[in-house]
Structure formats: structure tokens, C-alpha cells
Amino acid sequence: MFRGAAHAARSFHDATSSPYTRSEAFTDPRRKQTIISLLDVLSELSNEASSDNDANLPSNFEDDRDVPTVDEKLQVAGSELFNKFERRMDNLDKELRNFANAARQLGSSVGILSSAFRLRERLTKLLFLFRENAATLFPRKISRQPRETLVNPNLMDRRRTWRGQQPPLRPIHDDGLDPESFPGQFASFAEDVVTFLNCLNEFPEFTDEAVNTSMRAFEVDLKYWASCLQEYKGQFRYPAVQRYIHDLTSEIGEHIDNITVNLSMFIEIGVPTIRFAQQHAAANLLNLSTVATFFSAVTATTLQFSYQLTDGVLEKSVNAFWFSSLVFSIAAAVNSLLGLTWKQAMYRSPGHRVPWWVLIWIKRSPLVFLVMSVACFSAGLMLFTYATDQGFVTSTITTVFTAVTSFGLAAVSAWFASERWIFVQHRGHVWLEDVINETTHRMLLLSAVVEVRKIIHYCNQRILAIRGLIRRVSFKKVTNAITRFRHKHHTLPTTQEGPQMLEISHHHEPALSMCSEYTERPNSLDAPASEESESSRRSIARQRFKGAVRSVIMMQQQQAGQVPLYLRPFMPPRTPSFDRNSTAGMSPTRFSSIGLNTIRGQRVSTLIPKLRTLEPIQDLSIHTALVRHLQFSPNGKYLATSSWDRSSIIFRVGESFSTQAVLVHVRGFIGQVAWSATGTILLTRLTRGIKVWTEDGLSKRTIDRPHSVSSIAWLPNSDTHFFSVEGSDVFRLDIQGKVLDSYHFGRIQLHNVAVTPDGQRLLGVGPLLAAPNGLHPSRTTRVEKRIIVFNIETKQFESQTPVVNDVRDITISKRGGNVLISFERKTPPQLWKMELVRDARGREQHSFAQVARLLLRHTYLPKAQVDIAGSSYFGGKEDQLVLCAGKAGDIHIWDRDSAALLHYIRPQTFGGDLTCVAWNHSTDEPFMFATGSHDGTVRVWTTPAGDRSSDDASYLERRTDAGATNSDQYGSSPILSPPPVPGSSRRERAPTIRTTFSIGPPG
């Protein structure tokens, strides 16, 4: 009631301040002043009631349309995201415009121009819809665009005037541009992208794989988003769906950036390449036309000498060949010009859209006609020599040359045709030479050919053997004659050291020259033929023959008395060897002042001083590995932990925490602990099982599950029934392991669930496995995540809220009206309000049917961007706080209703990185929470029991002596006394513990 009065007061003030209604307002000033004073009082009462009422909504809730939808930081962040997206769209539009201007010079460019203009038109419509969506979410930062200002950039839809002038741009008149058209616009956008890509690939002269890859990925994602958005029909004006569409701008923007860069490279490289290839083809046709024209003139000239010869058969044959040559040459020239004009036409159809006979006629007929013209002319010329009784020599030479040139022309033509056939059959994987070699190899493997080759090889071996024998016999005779002559005269010199004459020795022993010494060696031909190659034997024989000839020449000179000035000793050649020197190849944020100003009431004013007294009082160093999860029991008596060291510990809460029991799990890691409503039963979640424990650490049962268990949650006020989340299914079990019911969530891979306090609804979070049409996003795009509200009684979805960021956990407040969503990595937590609305679908059966709907209330911004560890939780006995921990050790505590950062705990100088956090909800005197870290330490934080805000000394320092005393009494336990660390004197240690092992269910 007060809220409506305040709204009426604002409306009355606005009405009286308007110049139009001022003259028609109340004419009595006193009556007017009385009403204004009454409305001011009602407004003050409304403000006081709003500060005391815990269920009212603050001024920045999304479902309040009279005030801004989000706080200033989110307004700025949202507007910056849209402005960045708008710049990306403008850059792509600019590149498409540049591409259209560059492609006008290409042949057959009408298709790519039309698709580029349609793509630009689609970008204009989508940008308008995204602006309308962003202006609804961030009205203080983004203004709306009038629909009349939308200009259609599609130049292909406008016709030039009869004077050739370009008509003015036309506005876009599309009544379907409303938020409900987002799925259809995405689907049409995907079709336009594919059409543009197909037109781009119709240029066979250049193919860019980068453009194809980026556009194909964008097409897949657009179809995926269009299919997912179809399920939100009628909800596109809800803030949650609007925010999801706004968050998609970052994903779409990345695709647009990739396409823009690749399209720019295509303009710089691809368009010139295509233009060069088309100009080269046009130049070939032009040259062909020139040759055909020249040849037709030659043929026409020669016809002047023969057209009157019609007496005999030869004369008629000459005229027939030359007239045919003239016809073919004219056809070649005309078809070349026709093909040249068709290739340069902008509006011509691409090759795959033209009939095959048209392509053959345009591309192949000019060359074929020219070849036929040359053949006919050559045949006619040869016959002309005989018809005119030319000489024998002239006729013979003409006939021979004509035959040779005709054979060469036929052979080259056959080679060209064979290359074309090989390309059609193998698409460039095999060359014609490879096919010829393969065919030749197959022919050589035929049995008849193999036998013939064996016979030829045998004959060659015999011939070589006979030649070697003859050469050896003749060579031996020559060498023996030379040796006998040398021994007879003793005149062959051996060495010479200077220009003086060498004295010939008369002794027989030293008279052997290098030549004779070489020739008298054992003949290598006597060795088996397999030891040396044929070329090596021939080289040695050749060198021996040269040595013998030189010896004969020197003996003849000695007998004639002509002794040379000096004689160079003849050295035998070295046998070629492998090159040993060859080298092998080498393989190659500050505190939110805006939020603090919104805090009203005595309740919140006492939170900040109390939170400032939070200090760590005890470190529980029991675990030896990472602490995965923590939870206080509802009665506040116990703290349960789970660790990757395959143990779970129950601590007794008190002035000094003590260990109640250690629950050792033989197999599997412990991912979660969950206390029942009374705190007497504890569940520990394994990978494929759930263990049931008592508060004393006794194992009651091990429940094995066939699928992986991702989360467990107790039913409200129950100690016997709980939910097990397994993939896309949720099973209701009792502590005996019996399945009581199951609920299927379709294509949602659930990560976690929460149960409303009345037990009627399940709230789940998780990613979408596939779109309704079965599509999946590309590798670089995140899948859609959803927040599901599921009715347990009807087993139907009441609402599905899409989110872009990776969701981790969901927690619901005690009263059930607030839902806290935790995200992965650096995304801050969000508070959603769950409200009941009338179900339009169930009015016919139940007139009072209601469904739950989620509305985003707050996003809790940390002091600076942090990597959040684990899940975020409610704090305080009445869930009036929101708590999250960063991996670096910092802790943020916000006020739930105002999203103001109340307290920030800086990273501690001791202790490991944080992994999880848990709050003790049993009492607010004192505040208490615990954190887990990577090194296995559990740290307990609390406030003093009394008012300690005015004390100078910290609570941690007051407990130094007590901590040191208590730590000494546990020094004998090897588990409870790890090596000392800095500051260990301020932290207490846990007392002696009792360990409970559980391998299977009790017997």
C-alpha cells in the first residue's frame, strides 16, 4: 500500500510540474498544499517500511520499471559491451562494402554482390534489434534508434532512372523487427552467410580456407543459437532472456572479427588473383581470335587459286578442304570473341549453373575449330600440289611435311585430351605421366612380356661375355708383345727427377716401369663378374690400353734418338669410390559507495563493525591434500569436510574445534558432504556412489550408482530422503539406497540442484547437451547453460532461464525467495528472485495454477576481478549475507538485498590458496565460517562473542597464548603436528581423533 502511495506521490508531482496540467490543476492553493503534504507523509512511511521489510525489493531490481534496472557499474559494463559489438558490426559492414566495390571488376560478380548486399541488410536489422534489447537493459547508457532512420544498404533492390542516375537510399520497412524475431533473424543470418560463402567459392581461380572455416563455424553457431532461442517463444521481453541475448554479443563479435580479418585478406590477395586469372583467360581467347582471323584470311587468299578448278576429283577435294578450313577459322574467331564477352560479363552465371554443352561450346570450340581449320588447310594444300601437277620434289616434300606436322598436331591434341581426361577422373591427384608409367609397368608384368624380357636379357649377357673374352685375348697379346720388347732392349725409363736425361740401367730387376708394373698385375677379368661392375672393368681396360700405347711411343722415340726433356711417370688411375665427405641432411575494485548509500535500517548498520572483527582463530591441519568441500551441520554442532586424500573429517564445533571422527574411504575421491535437516546423518558423495554416515562417524551404508553422481541434496526437513543428480536425471533415494522416484531433465547436463523449502520444486543448473534440432556449437563457442525450475509433482519444466557463463552451483535461501547462482572462474555470483505467476498454459484446467519464474536481482561485484574458489553461499542465520572466496585467499562478504560490499578480507600471508568456504547458519552470535585450501588446511573464522569493535587489540592476538598452550599438548600426534609455519603460534591445533574406516556396507 505504501509503495503505491509513493508511486502516486511521484506521479502527482510530475503532473503538477508539467506545463500542460498546471492550468488544470487544483485551483485552491490550500487544498493543493494539504494533498501534497499528505502524499509526502505517505512517501516517508513507504521508505521506512521498505527499510524494515525484508521481503520488499530494492530500487535496482529488474522487475521494477520505475527505477534503473541495474547499478551504475553494470550499466557501464553493459553499454561498453554493446558499443564494442556495434563497432565490430560496423567494421564488417565496411569490409563488405569494400568487397562489393572491388568485386565489380570481376566477371560473374552479380551473385557475390547480391549476397554481400543482403548480408549488409541483415546486419542492419540485427544491430537494430540488439540496440533495442540493450536500451531496455541499460536505459541510462544506450538510447533507442528510431525505426524510420533504418536505411537499406541493398543497392541491388534499387533500379537506376532512365537517365542513369542512382536513386536515393530507401528505409527499411519491416514490421517483424521485434524481440520475438530473434530466432528467425539468426536463422536468416546463417542462410545469408552460407549464400555469401557459396558465391565466394564460385570463383575457381582462388579459394581461401580461412574464410571458409570462419564462415562455416559462424553458420553452425547461428543455427545453434536460433534453435535454442526457439524454446523461449513469448519470453523475449523477460529481463533474463534479454540479458542472455545481450551476453551473446561477445560470442557473435568474435566470429565477426574473424570474418572481418579474413575478408580483408581476401580483398587484398584473392580479388587481384581472381582478376589476373580472368584477364589471362580473356587474353588467351583474344589471341585465339586473332590467330583464327589471320588464318581465315590466309585460307581465303589461297582459295583464289583453286576455286575455279572443278574438273577432277583432286580439284574438288582441294576446294572442299579449303572451304571447310575457311568455315572453321571463321567459327573459331567468332566463338573466341563470344567467349571473351561472356567471361567479362558481370551478370553471367557461374560455371556450375550453366548447361554442359554451353560451357563446352564457349570454352572448347574455338581451339577445336582452329585445329580443324589447320588440318583441313594442310590436307587441301597437299592435294593442291598434285592437282596442279607440281614437280615430284615439291609434291613429295609437301606430303612429307604435311604428314609430320599433322602427326605432331594429332599427338599433341591427344596429349591435351588425355590430360583433361586424367584430371576429370582423378581431380589432380595423379598426372598423365604417372598413369602412363603405371600402365607400362602393368604391361611389363604380363607373362608373355616377362618371357621375352628374359630371352633378351640372356642374349645380352652372352653378347657381353663374348665381347669381354675377345677384348681380353687381344689385350693380353698386345701387353705380352710390349713386355718382351722391353725386356729385350731395357730402354724403358722409370723415373726422372729433373730436366736432365735419365740413365738407363742395364739391370733387369730395377728396370720395371710404372706401366709395366701396372700391366703385370693379375688381370681383374679373371675374378668373378659379380665382384666388379661392368663400367669399372671397362675403365680399367681403357687405362691399360692407354698405358701400352704410351710405352710404345716412348720406345720409338728412344730408338730414333729423340729423348724428351723429362718424362712424367704414368700413375694408374684410382678406382672410383664413394664420397666420404658427403654430409647428411639436418632435420631441420574499491568498496561500492553507491551500494553503501542504499543500506538502510538498524540491522545493516550493525553488520559492518561486526564483520570487521572477523579473524581466524584456528587452523585444522588434518588433511594431506586439497579440501574439496565444507559444510556445517544445521544445528551448528559439527563441521564436515571432504578432501582429495580420500578422507572426510567431522569436527566438533566449540571454543576449540576438536575432531569427532575421520571417515576414510578406500576407493574414489570425495566430492561433497551433505548434512541432513537434523544434523544426525551425513552423506559423502563419491564418483559413482554415496556413503551414509552417522554424526559419530559410523558407516551405515554404501549406495552404489550405475552412473556418475555430480551432486546430492537432502529433501527439506528430512533425514531419510535425498536427491542424487546423475547426468540428465535426478533420482529420489532413501538412506537404504532404494529409488523412490526419478525425474528427467531432457538435454540438460545437470551440475547441481536445490530444493525449495516447500519441497515442490527442483532448481537445477547445467549446460545444454544439444540444441532441439541436434546441433552443437563450434569448438570456439561456449554451449548454452540454463537455470531450470522443475515441478516435482507434475514433472514438468516451469521455466528455463538461459545464461552464457559456465554455471557451477545453485543455492536457495531458507525462505525460498532468493536463489544464489555461482559461476566458474572469474564470473561474480548472481542473486535471482523466484516469484510465482499465473500459468497461462494451465488456466483451462486449474484457474489458480501458478508457476515459478526467475528474475535477476543483483550481481555481486568484488573489489577487484578475482578467480573465485568453489561456490558462493548465503551467510548469516537469516541468509542476509552473501559470501564467496577467491583462490588467492581473499574473501568478499556482501549484503544480500543491496549487493553492497560490507567486508573484504585480504589474502593472508600464511595458508594455501582457498578452494571452498562454508558458513555456520545456526547462530549469528558469533558469526562463523570456515575455508578450505589446497594444502589441506581448514581455517575457522569467527567474531568475538561480545562487542569487540572498540578494542585495539585483535581477537587473534588475544588468543596467542592460549593457542600456543593448546598446540603443545598435541605435539605427540604425527598427524596433528605438521612442521611449523610462520604464524603457527597463533593457530590452535585439533585434539586427538578417532578414525573410522569403511570399505563396504556393514554386515
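Predicted model: local features only at pLDDT ≥ 70, side-chain atom pairs only at ≥ 80, totals over all residues.
At what angle do helix 11 (residues 392–426) and helix 12 (residues 432–444) pack, and how far apart are their axes?

1. Packing of helices 11 and 12. Two packed helices are described by the angle between their axes and the distance between the axes. For helix 11 and helix 12, the angle is about 90° and the axes lie 9 Å apart. Helix 11 is therefore roughly perpendicular to helix 12, because angles of 65 to 115 degrees are placed in that class.

2. Residues at the helix contact. Helix 11 contributes Trp415, Ser418, Glu419 and Ile422, and these meet Leu432, Val435 and Ile436 of helix 12. Sorted by class, this contact of helix 11 with helix 12 comprises five nonpolar residues, one polar residue and one charged residue.

3. Four strands form an open sheet in the order 22-23-24-25, and their pairing is antiparallel. Strand 22 (868–875) and strand 25 (901–905) are the edge strands, each pairing on one side only. From one strand to the next, the twist averages 15°.

4. Pairing of strands 22 and 23. Strand 22 and strand 23 (residues 881–886) run antiparallel and are joined by five bridges. Phenylalanine 874 has valine 882, in strand 23, as its bridge partner.

5. A cis peptide bond. The bond that leads from glutamate 925 to proline 926 is cis, and its omega is near 5°. Proline 926 is placed in the loop between strand 26 (914–919) and strand 27 (928–933).

6. Arginine 646. This residue is not a glycine, yet its phi is positive, near 65°. Arginine 646 belongs to the loop between strand 3 (638–643) and strand 4 (647–652).

7. Arginine 825. A positive phi, about 55°, is also found at arginine 825, again in a residue that is not a glycine. The loop that holds arginine 825 runs between strand 19 (818–823) and strand 20 (830–838). With a relative accessible area of 48%, arginine 825 is partly exposed.

Notes: Residues numbered from 1 in each chain as written. Heavy atoms only, no water. Axes fitted to C-alpha atoms, helices over the stretch in contact; angles between N-to-C directions. Helix = DSSP H or I, 4+ residues; strand = E, 2+ residues; numbered from the N terminus. Parallel < 35°, antiparallel > 145°, perpendicular 65-115°, else oblique. Contact = heavy atoms within 4.5 Å. Nonpolar A, V, L, I, M, F, W, Y, C, P; charged D, E, K, R; others polar. Buried < 20%, exposed > 50% of the residue type's maximum accessible area, 1.4 Å probe, protein only. Pairing = 2+ DSSP bridges.
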